[in-house]
Structure formats: structure tokens, C-alpha cells
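Please keep the sequence and the model in view while working through them.

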Amino acid sequence: MHAGGLAAQALTLKQLDELQPALDAANMAVAVAPENAEAHNALGQVLQALGRAEPALAAFERASTLPGTVRETALLNRANLLMEFGRAEAAKAAFDAVIAAFPNSVGAWAGQTDLRQVTADDRGVLVVAMRRG
């Protein structure tokens, strides 16, 4: 199967909450086409859904360095993951990098707005108060 088809399959399975088959499809997509940004981005999304932040960040980073049309998406996914896991300073830098590369990125500007809602609770733990639409 084509890497793009496997990546799409992985994302569909993720949406269906079939995370292990989604991970298998994403890994297969990367194995079939290691230079495919779409495959690495899909892998990152599945890993994120599994709560595996560090490998997901690595997949998004890899996707953002490969040729293709998913660079902005991969960078946004990385920034959002950092925010989701309470890494506010790194998320701010990541959103700034997206805006520097893609000044009209609605997702990056919206992410920065959400990031401003990050507060510290009384134990100093970051709490992300993201709006759900």
C-alpha cells in the first residue's frame, strides 16, 4: 500500500479510537516511505493519542523537516502537543516558530491565544485551560 494511504488509514483508525491498529498503520507508512512527511505526521498524531509525548514530538519534528505540504500542520501539532503536556515555554517558542514561518497561520495565532490561558496552580503545576468549541 502507498504511504499516503497508510497514513490516512492510521488517522481514520485513530478517530475510531482503534489506537493499536492506527499505530501499526502509521509505523507501516513510515517504514514504506521514511522520507514521507505525511507518514511521520500521522505517526505523531497516533502517538499523541496514546499519550506518548516524546516520540510524538520527534515524529512531528521529523515531518516538519521533510518536503511536502504538511510542514505547517506538523509544526502546529508539535506546538499543540507541548501545550497539552503543560510545557508552556516550549509551546510558546514552537508557536512563535510557526508564525515566523507561516505568518498567516490561523492555528498558530489561535494556539497562542489558548496558551495565554495557561496558569499555575498552588503547587506550581501548569494547568492548560483550553477552550473546547
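1. Asp 96 and Lys 92 are four residues apart in helix H6, so about one helical turn separates them. In this predicted model, their side chains meet in a salt bridge, with 2.9 Å from N to O. Asp 96 counts as partly exposed because its relative accessibility is 32%, and Lys 92 is likewise partly exposed, with a relative accessible area of 41%.

2. Helix H6 itself covers residues 88-101, which makes 14 residues. The distance from its first C-alpha to its last is 20 Å, close to the 20 Å expected at 1.5 Å a residue. Its buried residues are Ala 88, Ala 91, Ala 94, Phe 95, Val 98 and Ile 99. Viewed down the axis of H6, these buried residues fall within an arc of 140°, so they line one face of the helix. Glu 89 and Ala 100, on the other side of H6, are exposed.

3. Which residues does Phe 95 touch? Leaving aside residues up to four places away in sequence, Phe 95 touches Leu 76, Ala 79, Asn 80, Met 83, Gly 107, Ala 108, Gly 111, Gln 112 and Leu 115.

4. The largest nonpolar core has 31 residues, and Phe 95 is among those with the most contacts inside it, together with Leu 43, Val 46, Ala 91, Ala 108 and Leu 115. Two or more residues of this core come from each of helix H1 (3-15), helix H2 (19-32), H3, H4, H5, H6 and helix H7 (106-115). In soluble globular proteins, nonpolar side chains tend to be buried together.

5. H4 has 13 residues and reaches 19 Å from its first C-alpha to its last, close to the 18 Å expected at 1.5 Å a residue. Ala 53, Ala 56, Leu 57, Ala 59, Phe 60, Ala 63 and Ser 64 are buried in H4. These residues cover an arc of only 160° around the axis, which puts them on the same side of H4. The buried residues of H4 pack against helix H3 (37-49) and helix H5 (71-84).

6. Is Ser 64 buried or exposed? Ser 64 counts as buried because its relative accessibility is 8%, and the cut-off for buried is under 20%. Not counting residues up to four places away in sequence, Ser 64 touches Arg 71, Ala 74 and Leu 75.

7. The structure holds four salt bridges. In one of them, the side chains of Arg 62 and Glu 35 meet at 2.8 Å, N to O. Arg 62 lies in helix H4 and Glu 35 in the loop between H2 and H3, so this pair ties together parts that are 27 residues apart in sequence. Arg 62 is partly exposed at 30% relative accessibility, whereas Glu 35 is exposed, with a relative accessible area of 53%.

8. Arg 87 forms a salt bridge with Glu 54, and the closest N and O atoms are 2.6 Å apart. Because Arg 87 lies in the loop between H5 and H6 and Glu 54 in helix H4, the pair ties together parts that are 33 residues apart in sequence. Arg 87 counts as partly exposed at 34% relative accessibility.

9. Finally, the chain as a whole. The protein chain has seven helices and two strands, and from the N terminus on its elements run α-α-α-α-α-α-α-β-β. Of its 133 residues, 43% count as buried. The accessible surface comes to about 7,200 Å², of which 56% belongs to carbon and sulfur atoms.

Note on methods: Residues are numbered from 1 along each chain as its sequence is written. This is a predicted model: local features need pLDDT of at least 70, side-chain atom pairs count only at pLDDT 80 or more; totals for chains, interfaces and linings use all residues. Side-chain values use heavy atoms; hydrogens and water are left out. The expected span of a helix is 1.5 Å times one less than its number of residues. Buried means under 20% relative accessible area, exposed over 50%, partly exposed in between (1.4 Å probe, protein chains only). The arc is that of the directions from the helix axis to the C-beta atoms. Contact means heavy atoms within 4.5 Å. A nonpolar core is a set of buried Ala, Val, Leu, Ile, Met, Phe, Trp, Tyr and Cys residues joined through side-chain atoms within 4.5 Å. Accessible areas come from the Shrake-Rupley method with a 1.4 Å probe; for residues, only the protein chains shown count as cover.
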